[in-house]
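Hello,

Here is the structure we talked about handing over. Please open it next to this email.

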Amino acid sequence: MNAPHFRQEILALESSLWQAVTNRDSETLANLFADDYVEITLNGSRVTRNATVTESPLADEIESWAITDEECVQIAPDVVLLSYHLTLHGQSRGLPIAPPDRWATSVWRKNRNTWQRVLFQQSRYAGQSHKLQPSDETPAIRTMEFDDLNDVIKLWEQSEGVFLSDSDTLPALQNYLRHNGFMSYVAVADDRIVGAILCGHDGRRGYLHHLAVAASHRRQGIGGQLVESCSGRLLAEGINRFNLFLLNNNFIGRTFWEDLKCEAWDQCRILSKTIESD
Ligand SMILES: CC(C)(COP(=O)(O)OP(=O)(O)OC[C@H]1O[C@@H](n2cnc3c(N)ncnc32)[C@H](O)[C@@H]1OP(=O)(O)O)[C@@H](O)C(=O)NCCC(=O)NCCS
């Protein structure tokens, strides 16, 4: 049953909860969580009420939060389920919160006229404009995660036109994803990674690296969709231009980028230097 009459009330409660997390307001949090509250985190841990109320305000520094795409369903006379797209910016345990986007599900229960949250679960967010396609055959584009990296490296190793260096080891790439707030993407078809691109920025310019699509899946628009996903993320961060590196002998790559209206710069060269540690 849809719960339009509960919608505003539950949304207001959920919002006040995120505001209390942002303000590190343990007292308000303690009132909003039921005694039997359980939370399932994005990395798969199960957390109890005490840990959430006492530890989260110390560990989390939320700078901003947003709730969008919410659905509210009444699942029992005094129980309402709220599911929404949650965007969080800030730090947790000293590291940037990543990825910032996730699906969130909250269950609220009314106890003696007071609503309290009894359950909260977060899941990976595949992107609004990139919801899983109806056919398994059609690749879905989603954010690249640590668990994807081994398969992504294999794809790059099989892709002519991608030049791998000592900046492409597993730890280096994990560092890249973390540092850049998980704004790189993969294309997945039949549970297999068939496309990948790294994306980051330095606060001024975006940088795209290592775009590759599996030979079996080329000329289906996947390369273009991966670049479009990165462009959308960069724009969301206020960055409206990206640079990329293209090997001189990569003619297909050149056709691809020219098709996307990218301009080559002939008036400069890329210089680089390896910094030796003492
Ligand atoms: C370059 C690459 C990523 C393109 O991926 P893709 O998914 O096949 O690209 P798209 O289907 O989105 O192609 C978009 C357009 O690019 C151009 N294009 C792509 N591949 C092309 C090819 N083999 N020949 C000619 N034009 C090509 C076409 O204009 C195409 O539009 P079309 O479908 O109307 O013909 C892919 O060929 C690849 O992985 N190559 C090896 C790795 C590489 O060179 N990466 C670039 C590093 S900078």
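The shell around the ligand has ten nonpolar, seven polar and four charged residues. This is a predicted model, so please read every value below as computed from it.

The shell counts 21 residues in total. Closest to the ligand are Leu 211, Val 213, Arg 219, Gly 223 and Asn 250. Three elements each supply at least two shell residues: strand S11 (206-213), helix H6 (222-236) and helix H7 (251-259). H7 gives the largest share, with five residues.

Which backbone atoms come up to the ligand's oxygen atoms? Gly 223 has a polar backbone atom 2.7 Å from a ligand oxygen. For Gly 224, a backbone N or O atom sits 2.9 Å from an oxygen of the ligand. At Gln 220, the distance from a polar backbone atom to a ligand oxygen is 3.3 Å. The protein buries 79% of the 910 Å² that the ligand exposes when taken alone.

Besides being among the residues closest to the ligand, Asn 250 makes a contact at the start of H7. One of its side-chain oxygens comes to within 2.8 Å of the backbone nitrogen of Gly 253. After H7 comes Lys 261, with a positive phi near 65 degrees.

Now the second largest pocket. Its space is about 1200 Å³. Where does it lie? Domain 1 (4-124) and domain 2 (130-259) both contribute to the lining, so the pocket lies between them.

The lining has 37 residues. Nearest the centre of this pocket are Thr 41, Leu 42, Asn 43, Ser 92 and Arg 102.

- helices H1 (4-23) and H3 (49-59)
- strands S1 (33-40), S3 (60-76), S4 (79-92), S5 (95-96) and S7 (114-124)

Of these, H3 provides the largest share, five residues. By class, the lining splits into 20 nonpolar, seven polar and ten charged residues.

Arg 93 is in the loop between S4 and S5. Its phi is positive, near 50 degrees, and Arg 93 is not a glycine. Pro 99 is in the loop between S5 and strand S6 (101-111). The peptide bond from Ala 98 to Pro 99 is cis, with omega near -10 degrees.

Best wishes

Terms used. Residues are numbered from 1 along each chain as its sequence is written. This is a predicted model: local features need pLDDT of at least 70, side-chain atom pairs count only at pLDDT 80 or more; totals for chains, interfaces and linings use all residues. Side-chain values use heavy atoms; hydrogens and water are left out. On a 1 Å grid over the protein atoms alone, a cavity is a set of points where a 1.4 Å probe fits but cannot get out, and a pocket is an open set with protein on both sides within 12 Å along at least five of seven lines; lining residues have an atom within 4 Å of a point. Grid points are joined across faces, edges and corners, and a volume is the space filled by probe spheres set on the points. Helices (H or I, at least four residues) and strands (E, at least two) are DSSP runs, numbered from the N terminus. Ala, Val, Leu, Ile, Met, Phe, Trp, Tyr, Cys and Pro count as nonpolar, Asp, Glu, Lys and Arg as charged, and the others, Gly among them, as polar. Domain bounds come from an automatic or database domain assignment. A residue is near a molecule or strand if one of its heavy atoms lies within 4 Å of it. A polar contact is a pair of N or O atoms within 3.5 Å; within protein, one must be able to donate a hydrogen and the other to accept it, and residues adjacent in sequence count only if both atoms are side-chain atoms. Accessible areas come from the Shrake-Rupley method with a 1.4 Å probe; for residues, only the protein chains shown count as cover.
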